[in-house]
Amino acid sequence: MLPKVFKKHRRELIHEIEEWIKSDKTYTVRFAITKLMQHYLDEDYDVRYPEMVSDVRSDEYYINMTKAWYFATALAKQYDSIIP
């Protein structure tokens, strides 16, 4: 599920995520959000990442479910940053 190469190349991965999250394809957006959740809520966290997720607008169930999952996990890991 988690390609090991992603963990080793987070600096490059974030640029790809920034493109994937803008896609019109449901599972591409979902994939981008899950990669943000898996790789960028700890030591590589940046306040602009939850903003990227929040900016996603969709009626797609799988995108909205993944957004909710992202924010539930983000609250557990970055509470003070996420609440505002």
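Colleague: How many helices and how many strands does the protein have?
Modeller: This is a predicted model. From the N terminus on, its elements run α-α-α-α-α. The count is 5 helices and 0 strands.

Colleague: What radius of gyration does the protein have, and what would a compact globule have?
Modeller: The C-alpha atoms fill a box of roughly 30 × 30 × 20 Å along the principal axes. With 84 residues, a compact globule would have a radius of gyration near 12 Å. The protein agrees with that, at 12 Å.

Colleague: What share of the 84 residues is buried?
Modeller: A residue is buried when its relative accessible area is under 20%. In this protein, the buried share of the 84 residues is 38%.

Colleague: What share of the contacts joins residues at least 24 apart in sequence?
Modeller: Take the contacts between residues at least 6 apart in sequence. Among these, the share that joins residues at least 24 apart is 60%.

Colleague: Is T34 buried or exposed?
Modeller: T34 is found in helix 3, which covers residues 26-39. Its relative accessibility is 8%. The cut-off for burial is under 20%. T34 therefore counts as buried.

Colleague: Which backbone oxygen does the side chain of T34 reach?
Modeller: Set aside residues up to four places away in sequence, and T34 touches T66 and W69. Its side chain also reaches a backbone oxygen, at 2.8 Å. That oxygen belongs to F31.

Colleague: Where is Y45, and is it buried or exposed?
Modeller: Y45 sits in the loop between helix 3 and helix 4 (48-54). Its relative accessibility is 17%. Burial needs a value under 20%.

Colleague: Which residue has a side chain joined to that of Y45 by a polar contact?
Modeller: Not counting residues up to four places away in sequence, Y45 touches Y40, P50, Q78, S81 and I82. A polar contact of 2.6 Å links the side chain of Y45 to another side chain. The partner is S81.

Colleague: How many Å apart in space are Y45 and F31?
Modeller: Along the sequence, Y45 and F31 are 14 residues apart. In space, C-alpha to C-alpha, the separation is 18 Å.

Colleague: Why is W20 classed as partly exposed?
Modeller: W20 has its place in helix 2. Buried means under 20%, exposed means over 50%, and partly exposed lies in between. W20 is partly exposed because its relative accessible area is 23%.

Colleague: Which residues is W20 in contact with, leaving aside neighbours within four places in sequence?
Modeller: A72 is 52 residues from W20 in sequence and 21 Å from it in space, C-alpha to C-alpha. The contacts of W20, with neighbours within four places left aside, are F6, L13, T28, V29, F31 and A32.

Colleague: Is R11 buried or exposed?
Modeller: R11 is in helix 2, residues 10-20. Its C-alpha atom is 16 Å from that of I21, 10 residues apart along the chain. The relative accessibility of R11 is 70%, so R11 counts as exposed.

Colleague: What separates the C-alpha atoms of E19 and A32?
Modeller: E19 lies in helix 2. It is exposed, with a relative accessible area of 51%. E19 and A32 are 13 residues apart along the chain, and their C-alpha atoms are separated by 8.5 Å.

Colleague: How much space lies in the largest pocket, and which lining residues are closest to its centre?
Modeller: The largest pocket holds about 150 Å³ of space. It is lined by 14 residues. Closest to its centre are I21, K22, S23, V29 and V56.

Colleague: How many residues in the lining of the largest pocket are charged?
Modeller: Sort the lining by class. There are 5 nonpolar and 3 polar residues. The charged residues number 6.

Technical notes:
Residues numbered from 1 in each chain as written. Predicted model: local features only at pLDDT ≥ 70, side-chain atom pairs only at ≥ 80, totals over all residues. Heavy atoms only, no water. 1 Å grid on protein atoms, 1.4 Å probe; cavity = no way out; pocket = protein on both sides within 12 Å on 5 of 7 lines; lining within 4 Å. Points joined across faces, edges and corners; volume = space filled by probe spheres on them. Nonpolar A, V, L, I, M, F, W, Y, C, P; charged D, E, K, R; others polar. Helix = DSSP H or I, 4+ residues; strand = E, 2+ residues; numbered from the N terminus. Buried < 20%, exposed > 50% of the residue type's maximum accessible area, 1.4 Å probe, protein only. Polar contact = N/O pair within 3.5 Å; in protein donor to acceptor, adjacent residues only side chain to side chain. Contact = heavy atoms within 4.5 Å. Rg over C-alpha atoms; globule rule 2.2 N^0.38 Å.
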